[in-house]
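Have a look at the picture first.

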Amino acid sequence: MAASSAPPPPPRRLLALTMALAAAVVSAASAARVPASVTPISRTLYHSSDSLLSDIKALVARHPDKLSMDTITASNKGYSTDLFIVTFNHAKESTSNSSKIHVLLSFGQHGRELITSEVALNLLYILTEKRKIAGVDLSSFEKILENLVIKVVPMENLNGRKRVEEGELCDRRNGRGVDLNRNWSVDWGKKEKDYDPYEENPGTAPFSEPEAQIMRELSKSFKPHMWVNVHSGMEALFMPYDHKNTTPNGASAHLMRTVLENLNHRHFQDSCLVGSGGGAVGYLAHGTTTDYMYDIVKVPMPFTFEIYGDEKASTSDCFKMFNPVDKTTFDRVINKWCMAFLILFEEGLRNLREAQLVSQGAVDNWVPMGGDIVEISAARKSSPDKRKLEGLDLGMQELRTYFRLFMLSTVLLMFMFCSRISKNRNRETGNIFDS
Ligand SMILES: [Zn+2]
C-alpha cells in the first residue's frame, strides 16, 4: 500500500521514537535491574553460564581419555534443574581404579559467586591441557593426578546463577529462593537470631530441592575421600562443623586439620583463616553440605573453601563483594586457587595413605566409608609399601631364629663350663684326700 510506504508525519515519528526509546530503557532496566552505583557483571572477564558450559563440553570432547561428562535432571513440585558433572580419570593401566582417591568438588552453589565457576573451568584446563600456572611448570603433579578420580560440579546452582545473570546480583539462592547450603539434613531448619530469610531460606524440608537431591545421590554413589564446597565472600579454609562452634575430635579430624594447615603454610604463607566454619566465620550455619558430608556420608576430608572477598565493597554492591572486577585480580585469584587445589590433592593423597599405613585405628573410624576403604586396604597387599612391611617381617623372623640359636649355644657353653669347674673341684678335693 502506498500509505504504508510513505514516511509517517512528523508528530507520529516523534511519538514512535519516544516509545522505542522508552521501551529500550525499560527492557535494559528489567534485563539488568542494576542501579548505576552497583558494579555489573564484567562480560569481558566472566563467562555466561551458557558459554561456560559450551567451553566445558568442548574441553571434554578434546580429551575423551581423561574427561567425561554427565548431565542429571531432577525435579520437585514443578521445579526442575540440570546438574553437570565432569569426571577426570586419567586412564593409566599402571594404577587400578580401586586404589584411587575420590575427590568431589562443587562450585557455584551460591548463584552470585561467579568466580568459583571460573576456577572450576580453569582447573579442568589444568587437569587436561594447561601445563603451567603463572609460569610455574606443573609436571611434578602428573603422578599425583594418576592416583585420583576427580568429579567437578562446575555450576551446582544453574537456575540461581541464571537469575544473577539476569540482574539479581545479590541472590545466592536457587531458582525458587532456597539456599542450597541450608537444605541438607544435619541440624536442618534451625534459625539463629540473625536469620535472614532472603539469604538463608532452608526450604520446606531437608532435601526439598532437586539440586541438593542430586548432590546427595552423587556423594553416596561416588563415596568421596575428599569434598570441597567452593564459595566466595572471604578467604578461608574451613573444615566441619558449620552448625557448631567446634571441630570434630579424633584421628580423622586431626588429619583434616593437618591437610589444611599444610596447605595454608605451603601455599598461603599461613595467611588463610583455618578452622571450623561455625567457629571461624563468626556465625553458625545449619543444614550445610559440608556437615552432611562429614556426619552422614563420612567423607574423611570434607572442606569448604572461601576463595575471594572484597571487604571494602558496599553490601549492596554484591558482584564486587563476591567477585574480582579487574583483570589482574581475576587472574591472580584463578591461578592462586588452581594451584591450591593441586597442593590439596598432593597433601590429601599423602595423608590418607599415611594414615592407613601408620594407624589402622584411624581407618576403622571411617567404617561408613565402607567399600572404598576395604578396596584400598585390599589393594595395598600388593603395593610396594606392603612388600616393604613383609620384608621387615621376614627380617624379624630371621633375627628371632639367630637369637634362639645364640641362647642355646650360651646355655650349652655355661653347662660345659659348670661341669668343668665341678670336675676340677672334685679333682682338687681328690688330691687333698690323696695327699
Ligand atoms: Zn557462598
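Which residue follows H6, and is its phi positive or negative? The residue is Gly167, and its phi is positive, near 125 degrees. Keep in mind that this is a predicted model.

**Helix H6**

Let's stay with H6 for a moment, which covers residues 158-165. Its buried residues are Leu158, Gly160, Arg161, Val164 and Glu165. Looking down the axis of H6, you'd find these buried residues within an arc of 160 degrees, so they line one face of the helix. Here's the background: an α-helix has 3.6 residues a turn, so residues three or four places apart point the same way. And what sits over the buried residues of H6? The cover includes helix H3 (49-62), strand S2 (79-89) and helix H4 (114-128).

**The sheet**

Now for the sheet. Eight strands make an open sheet in the order S1-S2-S6-S3-S7-S10-S8-S9, and the pairing is mixed. At the edges stand S1 (67-76) and S9 (273-276), each with a single partner strand, so one side of each has no neighbour in the sheet. From one strand to the next, the twist averages 20 degrees. Helix H4 packs on this sheet and touches S1, S2, S3, S6, S7 and S10, while its direction makes about 145 degrees with that of S3.

**Strand S3**

How many of the seven residues of S3 are buried? Seven of the seven (residues 101-107) are, so S3 is largely enclosed by the rest of the structure. In a regular strand, side chains alternate between the two faces of the sheet. Both faces of S3 are covered: Ile101, Val103, Leu105 and Phe107 are buried on one side, and His102, Leu104 and Ser106 are buried on the other.

S3 has a parallel partner in S6 (residues 148-153), joined to it by six bridges. Here Leu104 stands opposite Lys151. S3 also pairs with S7 (residues 226-231), again in the parallel sense, over five bridges. Across that pairing, Val103 has Met226 as its bridge partner, and Phe107 has Val230.

**Aromatic rings**

Phe107 turns up again in an aromatic cluster with Phe268, Phe303, Phe305, Trp337, Phe341 and Phe345. The model has twelve aromatic pairs, and two of them are set out here.

| Pair | Distance of centres | Angle of planes | Kind |
|---|---|---|---|
| Tyr46 and Phe330 | 5.0 Å | 75 degrees | edge-to-face |
| Phe207 and Tyr292 | 5.2 Å | 75 degrees | edge-to-face |

Tyr46 lies in the loop between H2 (10-32) and H3, and Phe330 in H13 (residues 327-358), so this pair ties together parts that are 284 residues apart in sequence. Tyr46 is buried at 3% relative accessibility, and Phe330 is buried at 7%.

Phe207 counts as buried at 9% relative accessibility, as does Tyr292 at 2%.

**Glu306**

One last stop. Where does UniProt place the feature "active site"? An unreviewed UniProt entry puts it at Glu306, which sits in strand S10 (residues 301-308). With a relative accessible area of 12%, Glu306 is buried, because the cut-off for that is under 20%. Leaving aside neighbours within four places in sequence, Glu306 is in contact with His231, Ser232, Gly233, Met234, Glu235, Ala236, Phe238 and Trp337. Trp337 is also a member of the aromatic cluster that includes Phe107.

Terms used:
Residues numbered from 1 in each chain as written. Predicted model: local features only at pLDDT ≥ 70, side-chain atom pairs only at ≥ 80, totals over all residues. Heavy atoms only, no water. Buried < 20%, exposed > 50% of the residue type's maximum accessible area, 1.4 Å probe, protein only. Helix = DSSP H or I, 4+ residues; strand = E, 2+ residues; numbered from the N terminus. Pairing = 2+ DSSP bridges. UniProt positions renumbered as here; feature names shortened; annotations may be inferred. Contact = heavy atoms within 4.5 Å. Arc of directions from axis to C-beta. Axes fitted to C-alpha atoms, helices over the stretch in contact; angles between N-to-C directions. Phe/Tyr/Trp six-rings, centres within 6.5 Å; stacked < 30°, edge-to-face > 60°.
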